[in-house]
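Open the structure in your viewer and keep the selection tool at hand. We will go stop by stop.

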Amino acid sequence: MKFSIIVPVYNVEKYVQECLLSIKNQTYNDWECVVINDGSTDNSYAKCLEITKDDDRFVLINQNNSGVSATRNNAIDICQGEFVIFVDSDDYIDIELLDKLNNFIIEKNTDIVFFNYNTVYDNGKILPCDFYSIFNEENINKDTVFYNYFKYSNMGNVWGKAIKLSVIKDNNLKFNNEYFFAEDQIFCYELFLVSCNIACLRERLYYYRIRNTSIVQSYNAEKLINMEKYANFLRINISKLETNSDEYEKFLNQMLTHLLFKENSDIFNKYDLDKKEKKKAYLALKNSSLIKYLTPTNLKERLLANTIKSCYGCNLIFYKLKRILKI
């Protein structure tokens, strides 16, 4: 069985060689890896070239910046394996991943395999995460998959999965270029709709890196628009599902509530905004259609929800106090 591994690369010179070496050193040899440098402005391409130049199992492509969705679509078009695995270029995989997947897929005859992961922090700490152990059985029915998709955001990640390439190509599944937020989640939703056999390999075989979250980030007003489109996408598709639609609505509201809390916190704590820009970003969030989904379930969440609904000055004071009190 041949595996295709897709690695989109953008400005990850610090991490990309660890990623590619974890692929190059696989104990299972029948694989190809499509590495696409998406217009990196750092030394990422040169770092990729060092690892891939003497190994014809790698296909290294250099392209103008197109975004992760277009990059993944371009890679899918040239993949020739039976199963495809998406690996983020700042993450890495266990050297026995393909070996274990090959044996498991032959045994289970499945369209998708979920596998567990470890979380890697910049300080070197590694914590195990057995997320997919939420499934009691190795073979998973579609209702259970959708139930957990709406309940847990991790279900929408494309990494941590091996996917039969024919399922993607036969159903013309694509990552939506209109999104830079939740593009994974939409792709996975559509994937789950057309997949017949889904199984879970409970071993931790992926290393997901969480980079320093204290770094100031750029604000993009399009993210809010993407969040609204994602909410509408899920709302429309929930109505098409035959079971558990009321519960899915509840999970959707909870997920959007937490997204709103995080975005508001980032506006006042993380994004690189001056006072005028910060106020504009806050008002855009407060007046967005997403506010109707706020459904706090405890005292802390009610406080956060009321803060969002209050005024700009109240939010300034609230987040300043949080920083002083470190809460």
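Start with helix α7, residues 183–194 of this predicted model. Nine of its 12 residues are buried, so the rest of the structure largely encloses α7. Which ones are they? Select Glu-183, Asp-184, Gln-185, Ile-186, Phe-187, Cys-188, Tyr-189, Leu-191 and Phe-192: these are the buried residues of α7. Now check the span of the helix. From first C-alpha to last, α7 reaches 17 Å, close to the 16 Å expected at 1.5 Å a residue.

Keep Phe-192 selected and move to the largest nonpolar core. This core has 104 residues. The largest share of the core, nine residues, comes from helix α9, residues 245–269.

Next, zoom in on Val-7. What does Val-7 touch, leaving aside residues up to four places away in sequence? Its contacts include Cys-19, Leu-20 and Ile-23. Cys-33, Val-34, Val-35 and Ile-36 are also among them. Val-87 and Ser-89 are on the list too.

Last stop: select α9 along with helix α11, residues 299–309. Their axes come within 10 Å and cross at roughly 60 degrees. That angle makes α9 oblique to α11. The crossing of α9 past α11 is left-handed. To see where the two helices meet, show side chains on both. From α9, pick His-258, Leu-260, Phe-261 and Asn-264. They meet Glu-301, Leu-304, Ala-305 and Ile-308 in α11.

Notes: Residues are numbered from 1 along each chain as its sequence is written. This is a predicted model: local features need pLDDT of at least 70, side-chain atom pairs count only at pLDDT 80 or more; totals for chains, interfaces and linings use all residues. Side-chain values use heavy atoms; hydrogens and water are left out. Helices (H or I, at least four residues) and strands (E, at least two) are DSSP runs, numbered from the N terminus. The expected span of a helix is 1.5 Å times one less than its number of residues. Buried means under 20% relative accessible area, exposed over 50%, partly exposed in between (1.4 Å probe, protein chains only). A nonpolar core is a set of buried Ala, Val, Leu, Ile, Met, Phe, Trp, Tyr and Cys residues joined through side-chain atoms within 4.5 Å. Contact means heavy atoms within 4.5 Å. Axes are lines fitted to C-alpha atoms, for helices over the stretch in contact, and angles run from 0 to 180 degrees between N-to-C directions. Angles under 35 degrees count as roughly parallel, over 145 as roughly antiparallel, 65 to 115 as roughly perpendicular and the rest as oblique. A crossing is left-handed if the near helix is turned anticlockwise from the far one by less than a right angle, and right-handed if clockwise.
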